[in-house]
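Dear colleague,

I am handing over the structure below, together with a short account of what was found in it. Please read the notes with the model open beside them.

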Amino acid sequence: YLKIVKIYNQKTIQQKTHKKLAKNTFFFTISLAVQKAISFLYFILIARAISVEDLGKYSFALSFATIFTMFLDFGTTQILVRESARNKADSQKYLSHVLGFKLIVSLFVYFLIVLMVNLMGYPEITKRLVYVTGLVIILDSFSIAFYSILRGLQNLIYESYGVIINQIILLVLGFVVLKLHLGLVVLISVYLAGTLFNLFYSSLFLSLKYKVFPKPNFSKSLIWKILKLSLPFAIAGVFIRLYSYMDVILLSKLTNDEAVGIYSVAYKVTFALQFIGVAFSAAIYPAFCKYFVSSKEMLAKSFTKSIYYLLIISAPLSVGIITIADKVIGPVFGAGYTASILPLQILMVALVIIFLSFPVGAMLNASNKQTANTVILGFISVFNIISNLILIPIFSYNGAALSALLSYVLLFSIGLFLVGRIIDYDKKYLLISTSKIIISCLVMGLVVMGLKNNLHFIFVIPLGALAYFIVLYLVKGFSKNDIFQLRDLLLKKS
């Protein structure tokens, strides 16, 4: 009788976990989709309103400051998520000491940002842009800490609303600044308003809902303990920032602002489409952490499904944009950005690998393989910097795109090899599914190429998507059961 009760309780807990995971994934994916759509629209407005050179300065300032978040975060985000997911009672303790650490290190980081941009000899306008973005990333690091606790408690709904409202603030204020021609410094200062909202909003709901308050604590022993736990994540964060943003920095130094502006358009399109992978990663990481302790079988199944669903979504996105890019860039961003077509097509090949790298990284971190993950990221970062130094002088922004593609392929390949040593995921299932997805994408690509010269891309895109899903269904790339599960997810059924 006790065994039956135990099994029943385990199944009930799994069902509740699946329901919460589905709800979190649904809300966070939708919110990131809306946020990325608004962000993308905002970027288009900026690109069309300012020159290619000014867009290069604007993008450089954001990328330069973002690199320094590695010192502000120091891997504490993953620790906050992991520890609050494992034990809710520890949330306040860990948050308070992370906030204490951030308060101390923020002054040092901002001083370092100012010092570095001056030592590198950039023009005065570029320096002022960096000064503003430096403040933004410092304030944003505190918001991320609050949202990390909410993620660990498997509640992404408040963050879902927060990211949308934040982006609306940016869009409205940015539109006003562009219309009044107030200049680049005021334009980039719009981020401060959005960041201040997120800071207040995230701390308010964390306090009201879970009674976890933004009270900094400076206990040296516990801060030191957290830093030791977070060290592998911190080093990984350093490498992630380097290979994610160093291409823009190197482009700026090795070429010019115009090349940065051209590359920024291609990079922004690619970055805007990553929201699905980000949402999956945020939602599945706490589940991976739980399953690693409770059920290796469920861990393997969850990983396999994550790869499968992300492949179904990312492959048609990649092929669709590659085939339609020449008809989209000019009308959307302006004739000055037609040179962005080729780097965009290269980055679209990388998009599939980027998507699949999210669950791989989440699996390694959840399985206490953060040190191995860090070593991989370090190797990839060195490879990325070297390849950028070789390819950018030869191919300019196209070289930066090629370097990104090669780096992500290497990252995913090594990470997947290590995952295979942790769990026995269904390789045969993924291989068969991949072949069906490739066939569907090829048909979709032919449809798009056949229609794009006769129809506006607004009509070609949905027709291509329809062709993809029809072929995928015919080759049994997904079943009726998958459709019913999607329907239930959208209707928020268990």
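In this predicted model, residues 24 or more positions apart account for 84% of those contacts in the chain that have a separation of 6 or more. The chain holds 18 helices and zero strands. Its radius of gyration is 23 Å, close to the 23 Å that the globule rule gives for 494 residues, so the chain is as compact as a globular protein of that length. Taken along the principal axes, the C-alpha atoms fill a box of roughly 75 × 60 × 40 Å, and 56% of the 494 residues count as buried.

Helix α2, which spans residues 52–67, and helix α9, which spans residues 220–254, have axes that come within 9 Å and cross at roughly 140°. The crossing in which α2 passes α9 is left-handed.

On the side of α2, the contact is made by S59, F60, S63, F64, T66 and I67, while α9 contributes R241, Y245, M246, V248, I249 and S252.

With kind regards

Note on methods
Residues numbered from 1 in each chain as written. Predicted model: local features only at pLDDT ≥ 70, side-chain atom pairs only at ≥ 80, totals over all residues. Heavy atoms only, no water. Axes fitted to C-alpha atoms, helices over the stretch in contact; angles between N-to-C directions. Helix = DSSP H or I, 4+ residues; strand = E, 2+ residues; numbered from the N terminus. Left-handed = near helix turned anticlockwise from the far one by under 90°. Contact = heavy atoms within 4.5 Å. Rg over C-alpha atoms; globule rule 2.2 N^0.38 Å. Buried < 20%, exposed > 50% of the residue type's maximum accessible area, 1.4 Å probe, protein only.
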